[in-house]
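Please read this briefing alongside the sequence and the coordinates. The points are grouped by topic, from the whole chain down to single residues.

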Amino acid sequence: MAITLNNGFQMPIMGLGVWRMEKHKIKDLILHAIQFGYRHFDCAADYKSEAEVGEALAEALESGLVKREELFITSKLWNSDHGHVLEACKDSLKKLQLQYLDLYLVHFPIAIKHTGVGNTRSEKDEDGMLDIDTTISLETTWHVMEDLVSAGLVRSIGISNYDIFLARDCLAYSKVKPAVNQIETHPYFQRESLIKFCQKHGICITAHTPLGGAAANTQRFGTVSCLEDPVIEELAEKYGRSPAQIVLRWGIQRNTTVIPKTSKLKRLEENLQVFDFELEEEDMDLIKNIDNKYRSNLTPARSWGIDLYA
């Protein structure tokens with residue numbers, strides 16, 4: 001099952017996110033994922049695992065396990081490389097051992113001090129706040145992203161963590177429209193207005209943190225997981241599914257791409273088993289009612305000394 005992007009390319013509606021995966025486990029996980037049926041892999045320079053993903057992809061392609069045209073590989077431009085878009089993209093391609101990316105995203109709508117291509121440190125100033133570069137506009141960055149498409153290095157370009165206002169601006173100044181906006185969204189943080197706006201204007205939504213971060217974000221940020229919500233648990237019992245499968249199916253029925261992350265083979269396979277059932281409309285409404293605008297990924301506020309969403 002796939003979503004057709006605004007340029008005609010198709011993106012599988014289910015993918016595997018590799019953020020916070022242990023490097024020594026990545027190759028095996030990617031190969032197993034391909035065997036299970038995954039074709040969409042979400043990477044980023046800042047995840048510091050592109051080389052490991054590249055080794056897995058190279059082995060899968062060389063062995064005939066999968067063909068390149070069957071895969072959909074995403075990577076992202078880090079904040080410190082807004083003035084070095086071409087070099088950063090080529091660096092990701094080299095590590096991933098690919099000739100082109102299916103999708104390249106602006107990871108966050110902010111440019112910060114450059115620390116060298118391939119080095120994704122987030123430098124802070126003397127006040128302990130993120131060292132923001134005020135000389136590079138998002139529009140300038142976007143036009144260089146467009147050049148990547150012309151050069152054949154990427155097939156589609158998009159944005160990530162953009163709100164309605166920034167997405168609107170990007171639509172206004174772009175020649176190549178953003179194909180995707182990757183955002184945090186899950187039952188506790190549904191963001192209906194942003195999703196409707198993007199979909200209305202031909203921007204596909206990819207849901208990162210589609211399970212609300214589950215145990216990983218609870219451990220890292222102390223946030224509450226939507227998987228333990230009574231409504232989700234009751235629906236899991238009703239459909240004979242896991243809470244994660246209910247939440248992923250809900251995301252798919254919103255016509256959003258979902259990219260859950262897991263390091264467990266059982267869950268890797270389980271997360272794919274969401275295409276043989278459908279949530280009834282009344283149950284979609286039940287989930288809609290548990291939205292509490294609760295962001296679970298607190299990386300900017302906790303790590304950068306600045307809350308980008310304030």
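Of the 310 residues of the protein, which is shown here as a predicted model, 52% count as buried. The protein exposes about 13,800 Å², and carbon and sulfur atoms supply 49% of that area. The chain holds 12 helices and 10 strands, and its radius of gyration of 19 Å is close to the 19 Å that the globule rule gives for 310 residues, so the protein is as compact as a globular protein of that length.

**Overall dimensions, contacts and charge**

- Along the principal axes of the protein, the C-alpha trace spans about 55 × 50 × 35 Å.
- When contacts between residues at least 6 apart in sequence are considered, 75% of them join residues that are at least 24 apart.
- The protein carries 35 positive and 44 negative side chains, and the centres of these two sets lie 2 Å apart.

**The sheet and its edges**

- An open sheet is built from 8 strands in the order β3-β4-β5-β6-β7-β8-β9-β10, and the pairing within this sheet is parallel.
- The edges are taken by β3 (16-17) and β10 (257-258), each of which has a single partner strand, so one side of each is left without a neighbour in the sheet.

**Strand β6 and its partners**

- Strand β5 (residues 72-77) pairs with β6 in the parallel sense over 4 bridges, and within this pairing S75 stands opposite Y104 of β6.
- Strand β6 (residues 101-106) is also joined to strand β7 (residues 154-160), which runs parallel to β6, through 5 bridges; here L105 stands opposite G158 in β7.
- As to burial, 6 of the 6 residues of β6 are buried, so this strand is largely enclosed by the rest of the structure.

**Strand β8**

- The parallel strands β7 and β8 are joined by 2 bridges, and the bridge partner of S160 in β8 is Q182.
- In strand β8 (residues 180-184), 5 of the 5 residues are buried, so β8 too is largely enclosed by the rest of the structure.
- The side chains of β8 are divided between two directions, with V180, Q182 and E184 pointing one way and N181 and I183 the other way, and all of these residues are buried.

**C226, a residue in a loop**

- C226 has its place in the loop between α7 (214-221) and α8 (230-239).
- Because its relative accessible area is 1%, and buried means under 20% on this scale, C226 counts as buried.
- If neighbours within four places in sequence are left aside, C226 is in contact with P187, Y188, L211, G212, I232 and V247.
- C226 and D285 are 59 residues apart in sequence, while their C-alpha atoms are 15 Å apart in space.

**L308, a residue after α12**

- L308 is found in the segment that follows α12 (299-303).
- With a relative accessible area of 27%, L308 is partly exposed, a class that lies between the limits of under 20% for buried and over 50% for exposed.
- L308 and E55 are 253 residues apart in sequence and 34 Å apart in space, taken from C-alpha to C-alpha.

Methods
Residues numbered from 1 in each chain as written. Predicted model: local features only at pLDDT ≥ 70, side-chain atom pairs only at ≥ 80, totals over all residues. Heavy atoms only, no water. Rg over C-alpha atoms; globule rule 2.2 N^0.38 Å. Buried < 20%, exposed > 50% of the residue type's maximum accessible area, 1.4 Å probe, protein only. Contact = heavy atoms within 4.5 Å. Areas by Shrake-Rupley, 256 points an atom, 1.4 Å probe, with all protein chains shown as cover. Lys, Arg positive; Asp, Glu negative; His and termini not counted. Charge placed at Lys NZ, Arg CZ, Asp CG, Glu CD. Pairing = 2+ DSSP bridges.
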